Amino acid sequence: MAESLEIDREMLSRVEEVIKEVLLPKSSEDPELIENICLSAQTLSKNQAVSPIIDRTSGLVEYDLNGSYVKSEDALKALSLLEDLGMVKREPASAVLKCPKCGSTRLRPYFVCRFCGSPLVIKTRLIQHVVCGYTGEEEEFTKGKRLICPKCGLELKQEGVDYIVIAEVFKCLSCGARQRNPEIEIECLDCGNNFKPLEGKYELLYKFEPTDIGFHLWRSGLWELAFFKLVAEELGYRARVNARPPIPGAEGYSYNIEIRIRVGLRRIYRIYIDSEPFLHEAFGDRSAAIARLKANIMREGREVYVLIAMPDWRERYEGSGFVEFNEVISGDPSILLGTKAVIFPSLESEICPQYYSNVKKLIESILANIFGLPQRPRPENVERQ
Ligand SMILES: [Zn+2]
Ligand SMILES: [Zn+2]
Ligand SMILES: [Zn+2]
């Protein structure tokens, strides 16, 4: 237990660092990156590999991120970031030939004569008439649907009996040369460029699989907690990570985050964020009961319990007064009045692409509608770290 606590602490700070250094600065300039990381997380949290595919119409290399097809460069930005974090590993998956000029994979290969370079090359069979010994190309024998020997004038009846096929060859219509292996050239169907195989871009494509630690982290809820912590800090509040037994005397620890908001000298508000996967890891079947208990002891109007729940949370919290995040953002803020507990979905759920902005919406909604605070705290009212 102590060892995995160490790993989690170290990984938490790395996840946090990436969110802080990379994701947050890019959330305005490159919102797609965050979306793609969330989509990757969805796939990888199911312990599936993310593999490259080629779109047959556009010829583009794409990655299937949980049902969304994302352009290779965009997906690789997100996946490389996760790779740097040690959460995924790459493996060669296949290779693709691309136009050296425009990068398209929509290509048409064709043959050219290896002697004169002409593209007027046909494929033919060399036939020998056994009866008279004459050998020639199939075209010389063809008369309508029949094969007639140009030398002796007899009709060829049955292959292997009165005639044999010596070889299949290519023949150049420009210079007449026969050859078994003409050169291959390639036409790009998008830009019209013609090139030889060695001039093309031949790229190795990779698939990405979650590492053990990566899979553990997707499932553990650490990533979600890091999002909450950073959004709170971005809003100017103090957020603290706790790792401790969730109830006095309990064995095992759970991670949670506390966002503390101090207004004036005395009034303190608190958002307490728990991750169901963490609770589940430490307490198994008792985790739902522990979450309900913790939600219950929140002080109405001053404290809110947010549970980041696994996708199938519904039956576990039936009738226990948790307000669903979707209802919070669907419009009527009065649903939050008197609420002590909110269910927020984990990264595996469908809200995934807008995870960051949804965390922000929830925190702002709690501040305004449960605590009755202005959306943005004034600096002198904020308890700082
Ligand atoms: Zn091209
Ligand atoms: Zn030729
Ligand atoms: Zn003949």
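This report describes the confidence, overall form and selected local features of a predicted protein model.

**Confidence**

The mean pLDDT of the protein is 84, and 90% of the residues score at least 70. Confidence is lowest in helix α1 (residues 2–29), where the mean is 69, and highest in strand β13 (residues 194–195), where it is 97. Residues 378–385 have a pLDDT below 50, and this stretch makes nine contacts in the model beyond near neighbours in sequence.

**Overall form and domains**

The protein contains ten helices and 20 strands. Its radius of gyration is 34 Å, whereas a compact globule of 385 residues would have a value near 21 Å. The C-alpha trace spans about 115 × 40 × 40 Å along its principal axes. Of the 385 residues, 32% count as buried. Among contacts between residues at least 6 apart in sequence, 66% join residues at least 24 apart.

The domain assignment gives domain 1 as residues 2–104 + 200–215, domain 2 as 114–181 and domain 3 as 221–381. The centres of domain 1 and domain 2, taken over C-alpha atoms, are separated by 55 Å.

**The sheet β5-β12-β13**

Three strands form an open sheet in the order β5-β12-β13, with antiparallel pairing. Strands β5 (107–112) and β13 stand at the edges with a single partner strand each, so one side of each has no neighbour in the sheet. Between β5 and β12 (residues 183–188), which run antiparallel, there are six bridges. At the level of residues, Leu-107 has Cys-188 in β12 as its bridge partner.

**Helix α10**

Several residues of α10 are buried, among them Tyr-355, Tyr-356, Asn-358 and Val-359. Further along the helix, the buried residues include Leu-362, Ile-363, Ile-366 and Leu-367.

**Two loop residues**

Asn-66 is found in the loop between β2 (61–65) and β3 (68–71). This residue counts as buried because it has 20 C-beta neighbours inside 10 Å, and the cut-off for a buried residue is 20 or more. Leaving out residues up to four places away in sequence, Asn-66 touches Leu-39, Gln-42 and Thr-43.

Leu-120 lies in the loop between β5 and β6 (121–129). With 13 C-beta neighbours inside 10 Å, Leu-120 counts as partly exposed; a residue would be exposed at 12 or fewer. Apart from neighbours within four places in sequence, Leu-120 is in contact with Cys-172, Leu-173 and Ser-174.

For each of these two residues, the table gives a C-alpha separation from another residue of the chain.

| Residue pair | Separation along the chain | C-alpha separation |
|---|---|---|
| Asn-66 and Val-50 | 16 residues | 8.6 Å |
| Leu-120 and Asp-55 | 65 residues | 31 Å |

Definitions and conventions: Residues are numbered from 1 along each chain as its sequence is written. Chains are lettered from A and ligands numbered from 1 in the order in which they are written. This is a predicted model: local features need pLDDT of at least 70, side-chain atom pairs count only at pLDDT 80 or more; totals for chains, interfaces and linings use all residues. pLDDT is the predictor's confidence in each residue, from 0 to 100. Helices (H or I, at least four residues) and strands (E, at least two) are DSSP runs, numbered from the N terminus. Two residues are in contact if their C-beta atoms, placed from the backbone, lie within 7 Å. Domain bounds come from an automatic or database domain assignment. Two strands pair if DSSP finds at least two bridges between them. The radius of gyration is taken over C-alpha atoms; the globule rule is 2.2 Å times the number of residues to the power 0.38.
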